[in-house]
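This report looks at a predicted model.

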Amino acid sequence: MSKGLPEARTDTAMSELVPEPRPKPAVPMKPVSINSNLLGYIGIDTIIEQMRKKTMKTGFDFNIMVVGQSGLGKSTLVNTLFKSQVSRKASSWNREEKIPKTVEIKAIGHVIEEGGVKMKLTVIDTPGFGDQINNENCWEPIEKYINEQYEKFLKEEVNIARKKRIPDTRVHCCLYFISPTGHSLRPLDLEFMKHLSKVVNIIPVIAKADTMTLEEKSEFKQRVRKELEVNGIEFYPQKEFDEDLEDKTENDKIRESMPFAVVGSDKEYQVNGKRVLGRKTPWGIIEVENLHHCEFALLRDFVIRTHLQDLKEVTHNIHYETYRAKRLNDNGGLPPNKKLCASLKRSGEGFILKCWEQVSHRQPFLSSDPPTN
Amino acid sequence: MAAFDEKKDHPRSLTMCGHVGFESLPDQLVDRSIQQGFCFNILCVGETGIGKSTLINTLFNTNFEELESSHFCPCVRLRAQTYELQESNVRLKLTVVNTVGFGDQINKEESYQPIIDYIDDQFEAYLQEELKIKRTLFNYHDSRIHVCLYFIAPTGHSLRTLDLITMKSLDSKVNIIPLIAKADTISKSELQKFKMKLMSELVINGVQIYQFPTDDETTAKINGAMNGHLPFAVVGSMDEVQVGNKMVKARQYPWGIVQVENENHCDFVKLREMLICTNMEDLREQTHARHYELYRRCKLEEMGFADVGPENKPLSMLAPGLQETYEAKRHEFYGERQRKEEEMKQMFVQRVKEKEAILKEAERELQAKFEHLKRIHQEERMKLEEKRRILEEESIAFSKKKATCDLFQSQSFMAEGSSIKKDRDRKNFNFM
């Protein structure tokens, strides 16, 4: 075996990996289909239970990042999503405290349990985003952080003796908070989402949606969707990853109602004999989980109850793999011979060109006048 | 510079004051797996005719097409076949690998090697896929062997040497479940003694067979009990015989009916229970987490990678500047590149010289030719000059003569009229 990373092979049949003298293992590519002729119950479907038990024992990781200008209700929303004091709100923030000069990344981990399922939730906050006078490139620390998590995972994966379960700190979901101006997206929003939609799953939400009426809301949403489409920004769930028709129809419905207009609150009030989370105003109580009032329940169901696992999978199978492929390519993951040949070719051509130039400037062919006749 | 806070090492526990809903997470995960389907690969090792195919048929309640193998194979071969089974909403891609010709040769020294090679090949294929730059692991048809059912012949005495050697070489690569095949040839009392003898021999020789996991409370008891029943004494049959008022799978003898699914008769039900209903997922996980990792580690170390370098600096396959192997390779390639460049330069200079020489030669030739032509031209010119001179001289001579003649003519014309005319006529005549 030659030293170095093995060459990137195209899909070779199994038999090609085995040198000739060994008897070829015959693994046929097309499986023989024997279905529903099972003459009785075997118990294959118990594998579901077995799998479920195993995963419940190992527990789950989930990392969610919230990005948006300060005061848009990020911490409140996260607290509402997970029904606990996950983030310390910045409402107690003293004005004398320094506004962070650049974007900071704060990741805090929590362990929450429900129904026997243990989840390690990490909330990554980004104070300082969009708060300076000059916000150029303020997404760069965020992009850097996301790539650093991919790098950490890659390093662990590439180890010779690797851990049984590699700790997953990659950002699975990024909630981007859009200011409810009612007009359109801001340039900062577009720039951020353009850069980051390629490395992480972005879910745009319209914050503080209680400042808009129903018509304003739907108009704004339509406008935002159109702008995102025009700028080629694919938010989660991305169209290109829809696997089959079922997925597509389900995701289309969700995409039509995104971005969700949400209201967050961690205070409870009495409404119609029930205690609900809401915001109390002189003109009424806005119920957070009431679908007529805002779309928080949709967001919660979408992110947590139906698509949590899918968020993780898209991060792992697509975003992480893209990062990995790029990283290994830049590093000379290419087979060495090809690289050498390529560089030789380049340098060789340059050299030949140089020499030719020298030759063509030499003395003319004949050294005397040509004969006249 | 932005400050990056690391997660606290011990995340705090939170209590929630309401239903969030992530308890559906295992269901989400399971739904995903159902969509993708499951893979399970069984390797059956045992001599020809010991009942491997029949047992698999019985286990999965299906008649997989299998032709009877001959006893005259020159070497051990492995034959793999994949089947797609479906039960309720679970799709299983089952691959059954059979050893053909195992134990049939006169010289059995090379018998187990093909098996090991096959298992290694599956690991290798997975490793290759994992190391690719553009990979599709989530779609990968996993062909690694999850369990090896080793069929021991029911001699009643002890393990055969071939069995021992084979199991010893397989135990670090695959989960082995030893079975006593054709258990209806042994009586109950003999069976107990046989089992104990087998297990003690395995233990003495340090063969690591698969232990059913006892860490989960729900399955610990049953798994622990089953561990004590190994090796399972199994009987396989797809023929149905009427017993009482039911049709059961059994083997009919003149002296009685051996029922496959009767726990008093054989351990078939236990095997099915353990293999499929309780531990299929664990078998898959052990294969991936233990056996595959071991293979991967050995392979990568063999290829020259290491996690820690000579001065105990942590190395990584990724950091090019730090890693010694990468630097060495770089130097090597750089040197080679320099050399090749030099070579090409030399070659080029050589060619240029040659071409120049040829061109110079041609130049010289042309020059010579030109000179020659010039010379000829000169000569011609001179000749022509000569001729012209002569011509000119002649013409001068002619004009002189003409002048003198004219003079004479005018003189004689004035002296005598007619004689001059006569003379003139005569002269004219002479001239003509």
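B:Phe123 and B:Tyr292 are both buried. Their rings form a tilted aromatic pair, 6.0 Å centre to centre, with 50° between the planes. B:Phe123 belongs to helix α3 (residues 113-131) of chain B, and B:Tyr292 to helix α8 (residues 280-302) of chain B, so the pair ties together parts 169 residues apart in sequence.

The pair is part of a cluster. Ring pairs link B:Phe123 and B:Tyr292 with B:Tyr126, B:Tyr140 and B:Tyr295. Over all chains, the count is 16 aromatic pairs.

## A stacked pair

B:Tyr253 and B:Trp255 are stacked: 5.0 Å separates the centres, and the planes are 5° apart. B:Tyr253 is partly exposed, at 22% relative accessible area. B:Trp255 is exposed, at 69%.

## Charges over rings

The charged end of B:Arg144 sits over the ring of B:Tyr126, 3.7 Å from its centre. In chain A, the charged end of A:Arg170 sits over the ring of A:Phe153, 3.7 Å from its centre.

## The sheet in chain B

Chain B has an open sheet of 3 strands, ordered β9-β10-β11, with antiparallel pairing. β9 (240-243) and β11 (256-259) of chain B are the edge strands; each has a single partner strand, so one side of each lacks a neighbour in the sheet. From one strand to the next, the twist averages 65°.

β9(B) and β10 (residues 246-253) of chain B run antiparallel and are joined by 4 bridges. B:Glu240 has B:Lys249 in β10(B) as its bridge partner.

Technical notes. Residues numbered from 1 in each chain as written. Chains lettered and ligands numbered in written order. Predicted model: local features only at pLDDT ≥ 70, side-chain atom pairs only at ≥ 80, totals over all residues. Heavy atoms only, no water. Pairing = 2+ DSSP bridges. Helix = DSSP H or I, 4+ residues; strand = E, 2+ residues; numbered from the N terminus. Axes fitted to C-alpha atoms, helices over the stretch in contact; angles between N-to-C directions. Phe/Tyr/Trp six-rings, centres within 6.5 Å; stacked < 30°, edge-to-face > 60°. Buried < 20%, exposed > 50% of the residue type's maximum accessible area, 1.4 Å probe, protein only. Lys NZ or Arg CZ within 6 Å of the ring centre and 35° of its normal.
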